Amino acid sequence: MRKIAIVTDTASDISIDDAKKYDIKILHYQIVYKDKTYKDQLEITAKEVIDTLEEEVPTTSLPSLDEIHEVFDELVKEGYKEVLVIPLSSGLSGCFNAINMVKEDYQALNAVVYDSRTISAAQAVLAIKAAEMADAGCKMKEIISELDKMRENQNTLFIVDTLKYLLLGGRI
């Protein structure tokens, strides 16, 4: 077992296979419809969300505080003393703040919440690099230093066919 646990969230779009391969724990955003809330990647897929956009545009909510506590509890049970959490950019979600709030309940766990300042694949790349470095025995300070360099050299671009769903979902 490596010494530093790595955690990210589903906004990273990290595949379940990659999360297992690199032993990265995942916090699940909530996909909220009028009649039901789903845990992203566990109870609903991106394809299912896309396929139903014409019927209803869902909103999203950050992972529940209970889920964040569950992940931290699991890390403590597994014997970790350090955890590096790489959530969605603090400028795009309250997840960063929620994790920082929860980590205060785990004084025995050196928990660092790293602001990815990004989303999607760029966020996943940071989490995977952190896991690779942790597996190689790097210290937290070394990992963060490398992530800082990577983050400053990343650019995340995306193209949409229409602005309709960003408008309906309240993102623009």
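A: Arg-151 is buried, at 13% relative accessible area. Here buried means under 20% relative accessible area, exposed means over 50%, and partly exposed lies in between, with a 1.4 Å probe and protein chains only as cover. The model is predicted, so local features need pLDDT of at least 70, side-chain atom pairs count only at pLDDT 80 or more, and totals for chains, interfaces and linings use all residues. Residues are numbered from 1 along each chain as its sequence is written, and side-chain values use heavy atoms, with hydrogens and water left out.

Arg-151 has a charged partner. It forms a salt bridge with Asp-148, with 3.4 Å between the closest N and O atoms. A salt bridge is a side-chain nitrogen of Lys or Arg within 4 Å of a carboxyl oxygen of Asp or Glu. Both residues sit in helix α6, 3 residues apart, about one turn of the helix. Helices (H or I, at least four residues) and strands (E, at least two) are DSSP runs, numbered from the N terminus. An α-helix has 3.6 residues a turn, so residues three or four places apart point the same way. Asp-148 is partly exposed at 29%.

A second bridge involves Glu-152. Its partner is Arg-117, and the closest N and O atoms are 3.3 Å apart. Glu-152 belongs to α6 and Arg-117 to the loop between β7 (110-113) and α5 (121-135), so this pair ties together parts 35 residues apart in sequence. Both ends are exposed: Glu-152 at 54%, Arg-117 at 51%.

The whole structure holds 9 salt bridges. One of them pairs Asp-23 with Lys-25, at 3.9 Å from N to O. Asp-23 is partly exposed, at 35% relative accessibility. Lys-25 is buried, at 15%.

Now helix α3. It covers residues 65-77, 13 residues in length. From first to last C-alpha it reaches 18 Å, close to the 18 Å expected at 1.5 Å a residue; the expected span is 1.5 Å times one less than the number of residues. Its buried residues are Glu-67, Ile-68, Val-71, Phe-72 and Leu-75. Seen down the axis of α3, they fall within an arc of 135°, so they line one face of the helix. The arc is that of the directions from the helix axis to the C-beta atoms. Asp-66 and Lys-77 are exposed on the other side. The buried residues of α3 pack against β1 (4-9), β2 (24-27), β4 (37-39), β6 (82-86), α4 (95-103) and β7.

Leu-163 lies in the loop between α6 (140-152) and α7 (164-168). It is exposed at 52%. With Phe-158, Val-160, Leu-167 and Ile-172, Leu-163 forms a nonpolar surface patch of about 540 Å² accessible area together. Patches take residues with over 30% relative accessible area and no salt bridge, joining like charges within 9 Å and nonpolar side chains (Val, Leu, Ile, Met, Phe, Trp, Tyr) within 5 Å. Areas come from the Shrake-Rupley method. Tyr-165 is in helix α7 and is partly exposed at 21%. Leaving out residues up to four places away in sequence, Tyr-165 touches Leu-53, Glu-54 and Val-57; contact means heavy atoms within 4.5 Å. The C-alpha atoms of Tyr-165 and Glu-54 are 9.0 Å apart, across 111 residues of chain.

Terms used
Accessible areas come from the Shrake-Rupley method with a 1.4 Å probe; for residues, only the protein chains shown count as cover.
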